[in-house]
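Good morning, colleagues. Please have the sequence and the structure before you as I speak.

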Amino acid sequence: MSLTYRNRNSAAPGSKDRSSARSAGSGEIEPIRVAIRLKPLPEASNTDVHSRAWEVLQDSKTIIPLVDPSKPIAATAASNSQGAFTFDQVYGENSTTTQIYEEMVKSIVDSVTLRGINGTVFAYGQTSSGKTFTMQGSCPTISEVDAVSPRPHKKLKKQKGKEEEASRTESSQPVDGITQMAARDIFACISKDTEHTYVVRVSFMEIYNEGVFDLLVGGNANDQLCDGGGGGSGPNRSSSRTALDVRKHPKKGFFVENLTSHRVDNLDTLLNYLNIGERHKSMAATEMNDRSSRSHTIFRITVVRTKKFGVGGASGAAAAKPSGVGVAGNEDGGHATGKAASHKAGGGAPVKLVATLNLVDLAGSESVKHTGAIGRRQREAGNISQSLLTLSKVIMGLGNAGKGGKPFVNYRDSKLTLILKNSLSGHARMAMICCATPSGAYSEETKSTLQFASRAKLVKTRAAVNKVNEDPSVIKKLQREVAQRSEEGKRALRQLRELEQSAKDAEKAAADSDAK
């Protein structure tokens, strides 16, 4: 099953905005790229509940409020110019995920694979606005989980029935999301490159009620049958699930301790790990969504690229690195100097480029009056809202810094911002896809999403190449230095022992002399 998006004013789905094809890693400061995607209105629904309140103006990349949907769009746009929001891209209801990927994400994925530059892609928005569909698509695994998840109660099923049918096409073919497209592009690039060797690793985590859990460890799809009619949720669904600690490394920054990382040699293996994690993540039914994400998830793909011996005269980093780009010595986006970036290892020495792509599917912001959440669901919603509030504060602080201010940015109030600190603080190329609905029933929620997206536009980042130098001559030199220091230490220890022995002999001689 899949969603179809339509828009009365959109360009052809296959058209591209060439301005998004800027070369990655130019060394220049660049803002986060921000796009808005509107979810289709149900075709057969209560007009009072689902009247159109927002419209996309494709040519100007603007979204505007509709005070009177019966008026022509041009007249409405002229009268509501103060309430309009403009972004790098806006996608109406007939847009495709492929279009969004090509225009917003592909250049970031290429930067990760070929240039050693970290990338992060967010999906943000209200619950049931299409975030998970945009990031994960409608893969078979999700359908299989639907089959084992409890059905919502009759009242909820009646409320949801027509809306679900209106938002899905008749085709049952799976639709790829940004994650699958990124994975496919990574392995396509690898297959075409005969001058480098690659190692690809993946990890998958979720942040549920401010606890960090490894989605590739413990539990199974059937564990989602717990919690009565709620649809599977939370760590209690598997006694083997253990919350992981977030710690700080002096050089690499914040990391999740004991998070598993798996090597993948082909696309099928990577997608298998993705599907395993999807089956394990926390889901539940609410009055707005039969399969509502109850946690933030981060699917992380790390690519290590090494120049082969005997291929070309320059090192892998020298061949792949754009001019003027700084080098980071840490795969999560740590900084290093330009002097290190300009270093060239001779004779085809292996220099690794290590970059990580973070694909972040944020849990949706919720209003209890719409979701009908009570008990555990209400507590989950509270934790989701709190972490999204922290993210919003961080974005606002970084945006103010981008305008020349120097505010204090507190990442520690949420595990989400702590884990993503290296990316948020500017050491990665970033894109944010904000999903919303044009429905008048959720007009305030959509406005809040647009305001968040506007703040995100102010955040600046500077791409950095992550290089690990493995020049054999440098390694041998360091080994010689270690051996030399070790020998000097041994020599100093021998001298110390000789001095101690001399002191003892002198004391003994003095004692013997006194005795005589």
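Predicted model: local features only at pLDDT ≥ 70, side-chain atom pairs only at ≥ 80, totals over all residues.

Which residues of helix 7 are buried? They are Leu267, Leu270, Leu271, Tyr273, Leu274, Asn275, Ile276, Gly277, Glu278 and His280. Buried here means under 20% relative accessible area.

The length of the helix can also be checked. Helix 7 covers residues 267–280, and at 1.5 Å a residue its 14 residues should span 20 Å; the C-alpha atoms at its ends are 20 Å apart, which agrees. At the N-terminal end, helix 7 is capped by asparagine 266, a side-chain oxygen of which lies 3.3 Å from the backbone nitrogen of aspartate 268.

I turn now to the cavities. How many cavities of 30 Å³ or more does a search of the whole structure find? The search finds 3, and the largest cavity has a volume of about 60 Å³.

The lining of this largest cavity consists of Ile207, Tyr208, Asn209, Glu210, Arg294, His296, Glu380, Asn383, Ile384 and Ser387. Two or more of the lining residues come from each of strand 8 (196–208) and helix 11 (376–402). Helix 11 makes the greatest contribution, with 4 residues.

What is the make-up of this lining by class? In the largest cavity, 3 lining residues are nonpolar, 4 are polar and 3 are charged.

Thank you for your attention.

Methods: Residues numbered from 1 in each chain as written. Heavy atoms only, no water. Expected span 1.5 Å × (residues − 1). Buried < 20%, exposed > 50% of the residue type's maximum accessible area, 1.4 Å probe, protein only. Polar contact = N/O pair within 3.5 Å; in protein donor to acceptor, adjacent residues only side chain to side chain. 1 Å grid on protein atoms, 1.4 Å probe; cavity = no way out; pocket = protein on both sides within 12 Å on 5 of 7 lines; lining within 4 Å. Points joined across faces, edges and corners; volume = space filled by probe spheres on them. Nonpolar A, V, L, I, M, F, W, Y, C, P; charged D, E, K, R; others polar.
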